[in-house]
Structures are given as C-alpha cells and as structure tokens.
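Subject: Handover of a structure and its findings

Dear colleague,

Please find below the structure that I am handing over to you. My notes on it follow directly after.

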Amino acid sequence: MPHLQSGSAFNARGDSTVACFHCGLPALRDTKFGVSFDGSFRAMCCVGCEAVAKTIIDAGLGNYYRERSALPDVDALANAAQTNAQLPRFDLPEIQSSYVSTANAGESKSAAFYIDGVTCNACLWLAESALRRVSGVTSATVNYVTHRAEVKWIENKTTLASIIDSVTRVGLRAMPVAAVERQVSRARERRTLFIQLGVALLAMMQVMMFTVPLYFTAAEDISHEAQRLMQWASLLLTLPVVLYSAKPFWQGALRDLRTRHLSMDAPVALAIASTFATSLWSLFTGQGALYFDSISMFVFLLLASRYLESSIRDRALGRIERLTNAVPAVAAQLIGYPNSGESVEITSAALKAGDIILVPTGQIIAADAVLLEGAGEVDEAIITGESRPVKLGVGSKLIGGTLNLGSPLIARVMCVGAASTLASIARLAERSLGERPQLTALTDRVARIVAPALILLACLAGVVWFFIDSAQSFNVAVAVLAVTCPCAIALAAPLAYTSATLTISKNGLLIARGHVLEVLPTINDVVFDKTGTLTTGELVITDIETAQGITRDEVLLIAAMLEMGATHPIAHAIKKLAPHCGEMIAQQLRLIPGGGVEGVIDGKTYRLGNRAFACVEASDDDAFVLSRDGKWLATFETEDALKADAAKTISSLQQAGLTVHLLSGDRALRVKNVAQELGINNEHTFAAQTPLQKLAYLEQLRKAGHKVAMIGDGVNDAPVLGTADVSIAMGAGADLPRLTADAVLLSPSLSTVVTTLQLARRTKSVIMQNFCWAILYNLIAIPLALANVINPAWAAIGMGVSGLIVVLNSMRLLHRAR
Amino acid sequence: MESLWLLIPLSVVLAFIIGALFWWAADRGQFDDLEGPGERLLQDDDRAPEPTHNKTV
C-alpha cells in the first residue's frame with residue numbers, strides 16, 4: 001500500500017506553497033492554519049482542514065495520516081467541521097423510531113449507518129475509532145466491504161446526533177440507515193447459504209480423502225474391512241450435505257410439487273435422492289457403486305453458482321437501498337420566511353411541497369427544491385456518479401439527497417416522498433431488475449419444459465437399458481438426470497444482464513426498462529437532439545455587433561456592470577468575456593421578468609435584454625440587445641456551448657459502425673454549424689423540427705428496417721422517445737417522474753452512452769458464449785450418459801462445473817470498461 | 001494397516017468438529033467482513049498516545 005505522507009508525495013508546485021497536510025491541496029508555506037504532528041508543524045489550506053485534522057490528532061487517531069493510501073474527498077468534506085453547530089438534531093422521537101432499534105429493556109440502542117466520503121481503508125478505520133470514542137457507545141464496527149457501520153450505545157449516555165457528529169468531526173459522513181426488515185432477512189439468507197456452501201466443501205474434501213485412494217490402488221492393497229470402514233465414514237460425512245446443504249434443492253422440489261410447476265430444483269433433488277439411495281443400497285448390500293463423493297461435489301458446485309448469483313443480485317439491490325436512504329432524516333424549515341430567519345427542525349417525511357427549507361453548509365438536501373437564496377456548489381455524485389461539484393445559482397433545481405458544499409442555501413420544496421428524484425430513480429432501477437428481457441423469458445420457458453422432459457428422458461433411458469443390461473439401467477437413468485445442465489441455459493442470460501446493469505449504473509446511466517441491454521447491441525442508428533443533449537444549455541457569445549463610436553470592450557464592460565448580480569445564462573456568458581470590471585456595478589438596477597435588466601451608469605439608462613424590451617430598432621430577433629437611452633448600442637449573438645465530450649462521443653459511435661442523426665428544433669444555421677463541428681453527415685441533419693416531424697422521421701427510419709436509439713431531453717421529446725427502439729433521456733435537471741425513456745443518463749458525461757453500448761455488446765457476446773457452452777455441453781454429455789459411457793459420478797461433476805463456468809463468465813461484466 | 005481403525009474415525013470426528021466450528025463462526029458473522037480485521041490490526045495505534053489525548057470526541 002503506498003502510504004501518502006502529505007507534504008512529501010503531494011508537494012505542490014513552487015516554493016511558496018506546500019500540500020495541505022490533510023487534503024493535499026496547495027497551502028501557503030507560511031500560513032497560520034496548521035497543526036503540530038509528529039513533532040513538526042504541518043501547514044493546512046483552510047480552517048476546515050485544520051479543524052478536522054485537529055480533531056483527528058487530538059483524539060489520538062493520528063495514525064490515519066501514517067496509514068492512509070488516498071487523500072480525503074475534499075469537495076465533500078472541507079467544510080464539514082464548520083457545520084457542527086448547525087447539525088440538525090436526530091433525536092426527535094419520529095426519527096428515533098425509524099432508525100434506532102431498542103434491545104435489553106430499553107437500555108441498549110443500536111443503529112446502522114453508511115459511512116460516506118471514504119477514499120481508502122484508513123477512512124473506515126478513522127470512522128470506526130471515532131465512533132468508539134464517543135462515551136456511551138458500547139460497540140461500533142465498520143464493515144470494510146460494505147462501508148456499513150453498526151453502532152450500539154446506552155440510552156441517556158449519548159444520542160444519535162452526537163454519534164453522527166463524531167463522524168462528521170473527522171471529515172466523513174454517517175448516514176443512518178432505516179431499519180428495513182427485508183434487508184435483515186436477506187442478510188440472514190445469505191449467511192445460511194454461505195454455511196451450507198462451507199459444509200458441502202468440507203464434506204467434499206474429506207469424502208475425497210476416503211474415496212480417491214480407492215480409485216488409485218489395487219483392490220488387494222487395502223483390506224476389505226478398511227474399505228468398508230472408509231465407505232461408512234463417507235456416508236457419515238455425506239449425511240450433513242444431503243440433510244443440510246442440499247436443503248435449498250429439497251425446498252425447491254417441494255415447492256414445485258405444490259405449485260405443479262417444475263423448475264430445475266426438481267431434477268436436481270431427484271438426482272441427489274436417487275444417487276444417495278443407490279449408494280446406501282450398495283453400502284448395505286456390499287455390492288454396486290458408491291457416489292458419496294460425487295453427491296457432495298454436486299451439491300457444492302451448484303451451491304457455489306447460487307451463492308455467486310445471489311451476491312450479484314444483492315449488490316444491485318444494495319445500490320438501490322443506498323439511494324433510498326440518502327435523504328437525511330431531519331430538515332430545518334424556515335417558518336417565517338422571508339420575514340424572519342427562524343427555523344424549526346422537522347422530519348423530512350413531514351415536509352410538504354411549498355415549504356421553505358434551510359440547507360447549511362456540508363448538509364444533505366432533504367427534498368427536491370428550487371433555490372431561492374444563496375449560491376454555491378452541490379455534490380451530486382450519488383445520482384450522477386460524477387464527483388465534480390455542480391455550480392448553482394438562484395432558480396436552480398436542488399435534488400434531495402445531494403450534498404451542499406457551498407454557503408447555506410434557502411430553497412422551496414418542490415416534491416417529496418414518492419414523487420422525488422431519488423425515489424423515482426430507485427423505483428425505475430427496481431423495476432428494470434424485476435422486468436425480464438425477452439431472452440430471459442424465453443430461456444425460462446425452455447428450462448421449464450426441459451425439467452419434466454429430463455425426468456421423462458431419464459425414466460425412458462432406464463427402461464430401455466433394463467432390456468439391454470438390467471444391472472446398468474438405474475445407473476444410466478441417474479447419469480442422465482445428473483449430467484444434463486439446463487441450469488446453465490437458464491442462468492446464461494439473466495446473470496449477465498444483472499451484472500451489466502450494475503456496472504452501467506455505476507457509470508451514471510440508469511436503466512429503467514428490462515429490454516435496453518438486449519436491444520442496444522442491435523441498434524444501427526442513433527438520433528440525437530441538440531439543445532441540452534449535445535450542448536450544455538449554457539450560452540456562449542459568438543459575435544458582438546456594435547454601434548459606431550463604441551468598442552467591443554466598452555460594450556462588454558457596460559453589459560458586465562448591468563449583469564453583475566444576475567444569474568441568467570447570458571450573464572454568465574458576458575462575465576466570461578468581460579474585462580475585469582472590479583466591483584463596479586450599475587445603479588438603480590431593475591430586473592424585468594421576460595425582458596432583461598435595466599440600470600443607470602453615469603446618468604444614462606442602459607437596457608440589456610431581448611429586442612422588444614431593449615430596442616426595437618435592432619435587426620436580429622433571437623439575439624440579446626444592449627441599448628442606451630433607447631438607442632441601439634450592440635447586439636450579442638449567442639450559441640449553446642457544445643458538451644466537452646460531444647465530438648468524441650459522436651466519433652466513437654461512428655467508429656462503432658452506427659449512423660448518427662441530428663434532429664433539432666433550433667435554427668438551420670446553428671444546427672448546421674454544430675453538425676459540421678461534430679462530423680455529422682449533412683443528409684442526416686435536420687433543423688427546425690417540430691416534435692411531430694421528429695416522430696415522422698423516426699417512424700420512417702424504423703420502417704426502412706433500422707433499429708433506432710434516440711437520445712433526447714426526455715420531457716419535450718417524450719413522444720419521440722417513445723417511438724425509438726431504445727430511448728435515453730438526459731437526466732440532469734429533468735423531471736424524472738415524468739420521463740418516459742427506457743434509460744436515463746444521470747451522468748453529465750455523454751460518453752457514458754458509448755461505454756454503455758460497448759458493455760451491451762460485450763454482454764451479448766458473453767450471453768452467446770454461455771449459450772454455446774451450455775448447448776454444446778448438453779449435446780455431448782447427454783448421448784454419452786445415454787450410452788452408459790459416463791457414470792453418475794462424472795456426470796454430477798460435469799453438470800456442476802458447467803453451471804459454474806456460466807456464472808464466472810457472466811461475472812466478467814462486473815468490471816468497469818473505461 | 002491397524003492404524004486406519006483409529007485414524008479414519010478420528011478424521012470423521014475432526015471433520016465434524018471443524019464443521020461445527022465453521023457453523024458457529026459463520027453464524028456469528030465472522031466471515032461477513034474479511035478485510036476489516038486485517039486493516040484494524042495495521043492501523044490501531046500502539047504508539048504512546050499523543051500528549052493532548054482526549055477520550056471524548
């Protein structure tokens with residue numbers, strides 16, 4: 001593990017700065033912020049880092065700095081230390097009831113938390129140690145794999161709030177997890193499966209010890225009595241496997257009998273039962289073959305596939321659960337706003353649309369809201385997978401569950417509960433996991449037919465062999481039963497889809513419908529919308545036309561002074577270009593909604609806004625116009641800025657053999673420019689399109705036999721998206737519950753579309769490999785078993801290994817393709 | 001060869017004991033986190049506490 005000792009490895013450029021001891025950002029060498037650690041002064045970049053580091057070192061946890069292998073997540077945490085005073089109290093009774101469980105006659109309390117902001121294992125150790133040092137906490141353990149902390153404490157000695165606070169103080173975040181029953185029972189199920197697997201493995205190894213020597217030694221080398229002893233020992237060891245480890249198969253078979261719907265559990269249970277019965281018979285009569293070793297191996301291999309499969313599903317479900325737990329339990333509501341700043345704490349669940357909430361620095365936003373006051377940055381990584389903070393201004397949408405990194409924000413709640421963004425994402429993700437792609441539905445049906453057919457075939461083989469060689473008839477029947485592996489067919493597709501869905505969601509694309517992964521590889525045309533899809537929606541000034549006698553810089557200076565406090569996109573565009581105007585600002589500034597701004601500079605009234613508002617003389621309809629005392633002064637031509645990775649995305653798609661189309665409602669000239677810049681063919685570029693025209697175009701493409709993916713903004717293009725074979729909507733800022741798309745791009749990076757396409761193609765080839773293997777295996781193995789060439793022992797091993805190969809092959813899709 | 005009469009029953013008994021131990025351990029969650037204990041061992045500070053040691057965070 002590469003240990004990072006700040007100040008050495010992460011030395012900043014230049015002599016006057018050093019790397020901040022805590023976060024690694026540049027800090028002044030002679031700064032007043034810093035702590036003394038290991039005998040020397042360590043410089044810090046800010047008061048936030050200083051406070052966090054001081055807490056860590058004062059608590060005797062300085063080892064964190066010696067052992068960490070990654071720097072902390074600065075964006076999320078630099079301000080954490082300042083928020084202590086504002087930390088909402090988590091001790092309202094309503095909160096307690098949903099997060100805290102009570103044991104031991106009300107004395108002992110416990111709760112679970114997700115530890116967030118973790119960059120390396122030292123962070124987890126830090127959180128755990130911080131939790132343990134809270135007086136009153138009796139035990140605290142952090143799971144290093146799941147980042148979940150389980151904390152027990154004694155009531156009256158400490159509170160939920162001070163426990164959460166202890167983690168905040170060391171620069172991390174603890175999010176309480178609602179005690180959901182489902183989660184607990186799933187964990188128990190998994191543990192049981194794990195023990196069953198372990199017992200089968202242990203028995204398998206020990207039974208091998210007894211049987212393998214018999215395979216390799218001449219019969220006379222081991223006395224008959226010793227052989228008998230080993231056979232009885234094998235029986236003893238196989239008993240727990242049959243009675244305990246194989247329980248899932250017995251239960252499955254019983255359920256099949258009750259519902260009269262044969263699944264794969266029935267033939268498996270039958271195979272185990274019959275091989276065990278023959279082995280018992282042979283043992284008691286002293287003649288015939290024993291299959292104790294193959295029974296335990298059979299059970300072990302099948303359980304291994306099952307265990308891996310359930311762990312993948314758990315991971316997918318865990319991600320959804322994490323989302324639903326991201327909203328904080330309490331919020332600060334401003335009751336007298338805007339007249340008074342008085343705030344009360346209320347549970348997030350009690351918030352209603354229209355309520356005004358205050359979000360302090362470093363706090364999680366409690367509900368979807370519109371920003372009324374304050375500006376700054378928000379970390380939306382939980383939704384977008386993008387760790388760079390998002391800049392916000394008045395009027396911006398805040399998403400519940402995201403983290404406020406900047407100054408305190410005041411916002412009006414838009415939607416809560418089931419209508420909120422997070423709940424929608426969780427619901428969509430859950431639905432897609434539950435929905436079966438056509439291929440999976442098909443293989444399910446195949447496996448359902450195969451199970452009874454298989455039992456029939458085994459009986460038939462037994463009957464036929466009874467007439468050929470009656471001694472062999474039972475062996476053949478069992479071998480046929482054991483060797484056939486329709487579970488490889490049944491597992492081939494769904495497991496690959498689940499793995500791929502999980503990987504894709506980590507990249508920031510939410511799959512809302514089950515068919516997306518199945519259809520994506522067959523796509524040959526991709527249709528893009530322009531505004532908000534290929535472009536950022538932010539304006540850039542492309543051209544400034546000025547009146548005679550005034551220069552471009554003067555115009556910009558005036559515009560900048562007018563727009564000083566504004567947050568409209570044009571204001572950002574002007575500020576980017578304008579020469580430094582310092583703090584100069586126009587007087588008597590007025591904002592006219594639907595028009596623009598008006599202000600007085602040097603006694604003259606200036607207006608900046610649309611043509612109707614500023615100056616009717618101006619020629620261009622869409623541009624922004626600046627006027628002085630009603631006289632035209634300048635016209636600003638603007639354009640949407642292209643997304644940074646738009647060109648790369650388009651060219652990658654084209655390289656992948658896809659035809660890229662551009663349909664836009666925008667004016668011809670701009671659309672043409674964009675198309676040219678991105679290398680989209682002129683024939684496939686259409687400007688000034690109404691939604692109806694877009695729809696017709698898509699239908700025409702599909703009629704010509706093309707498979708079409710549409711990528712658009714989701715709300716305005718909803719009907720068009722519905723026509724495409726696969727639709728992807730832009731999730732940033734959109735109204736998620738109203739989206740009708742098959743998938744939602746939550747990440748700001750457009751190239752996620754390309755990685756998703758690649759992964760979908762890989763998924764398809766993995767599924768093909770799985771099918772080829774499963775079919776080839778069965779085609780070879782069944783005739784061999786029918787011909788009595790392989791005995792039940794080898795048959796059982798063959799089936800177990802074949803299932804495991806499919807599982808392991810599908811798991812390759814869990815790795816991010818970047 | 002006579003040793004087999006002792007060793008084989010012994011191995012069966014041992015296997016059962018190991019199985020029971022495994023069950024007991026897994027049931028108590030010993031295998032739920034295979035990374036944490038190792039890290040804790042490395043990170044828990046066994047040096048002398050820093051001068052301004054403060055028990056209550």
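A polar contact is a pair of N or O atoms within 3.5 Å; within protein, one must be able to donate a hydrogen and the other to accept it, and residues adjacent in sequence count only if both atoms are side-chain atoms. Between chain B and chain A, one residue pair is in polar contact, with both residues at pLDDT 80 or more.

This is a predicted model, in which local features need pLDDT of at least 70 and side-chain atom pairs count only at pLDDT 80 or more, while totals for chains, interfaces and linings use all residues. Residues are numbered from 1 along each chain as its sequence is written, chains are lettered from A and ligands numbered from 1 in the order in which they are written, and side-chain values use heavy atoms, with hydrogens and water left out.

The interface

Contact means heavy atoms within 4.5 Å. In these terms, 40 residues of chain A are in contact with 36 residues of chain B. The two chains bury about 3500 Å² between them, 64% of it on carbon and sulfur atoms; buried area is the accessible area (1.4 Å probe) that two parts lose on being put together, summed over both. Zero salt bridges are counted between chain B and chain A, a salt bridge being a side-chain nitrogen of Lys or Arg within 4 Å of a carboxyl oxygen of Asp or Glu.

On the side of chain B that touches chain A, α1 (3-27) and α2 (36-43) of chain B each supply at least two residues. The most comes from α1(B), with 14 residues. Helices (H or I, at least four residues) and strands (E, at least two) are DSSP runs, numbered from the N terminus.

Chain A

The secondary structure of chain A comprises 28 helices and 31 strands. Of its 818 residues, 54% count as buried, where buried means under 20% relative accessible area, exposed over 50% and partly exposed in between (1.4 Å probe, protein chains only).

A nonpolar core is a set of buried Ala, Val, Leu, Ile, Met, Phe, Trp, Tyr and Cys residues joined through side-chain atoms within 4.5 Å. The largest one has 59 residues, of which Phe249(A), Val268(A), Ile272(A), Phe298(A), Val299(A) and Val483(A) touch the most other members. Helix α11 (residues 292-324) of chain A gives the most to this core, with eleven residues. Apart from this core lies another, of 56 residues, including Leu495(A) and Phe771(A).

Salt bridges

Over all chains, the count comes to four salt bridges. One of them joins Arg132(A) and Glu128(A) at 3.6 Å, N to O. These two residues are separated by about one helical turn, because they are four residues apart in helix α5 (residues 121-132) of chain A. Arg132(A) is partly exposed, with a relative accessible area of 40%, whereas Glu128(A) is buried at 1%.

Another salt bridge is formed by Asp529(A) and Lys694(A), whose closest N and O atoms are 3.3 Å apart. This pair links distant parts of the chain, 165 residues apart: Asp529(A) lies in strand β20 (residues 525-529) and Lys694(A) in helix α25 (residues 691-703), both of chain A. Asp529(A) is buried, with a relative accessible area of 7%, and Lys694(A) also counts as buried, at 5%.

Helix α25 of chain A also holds Arg702(A), which forms a salt bridge with Asp725(A), the closest N and O atoms being 3.0 Å apart.

Yours sincerely
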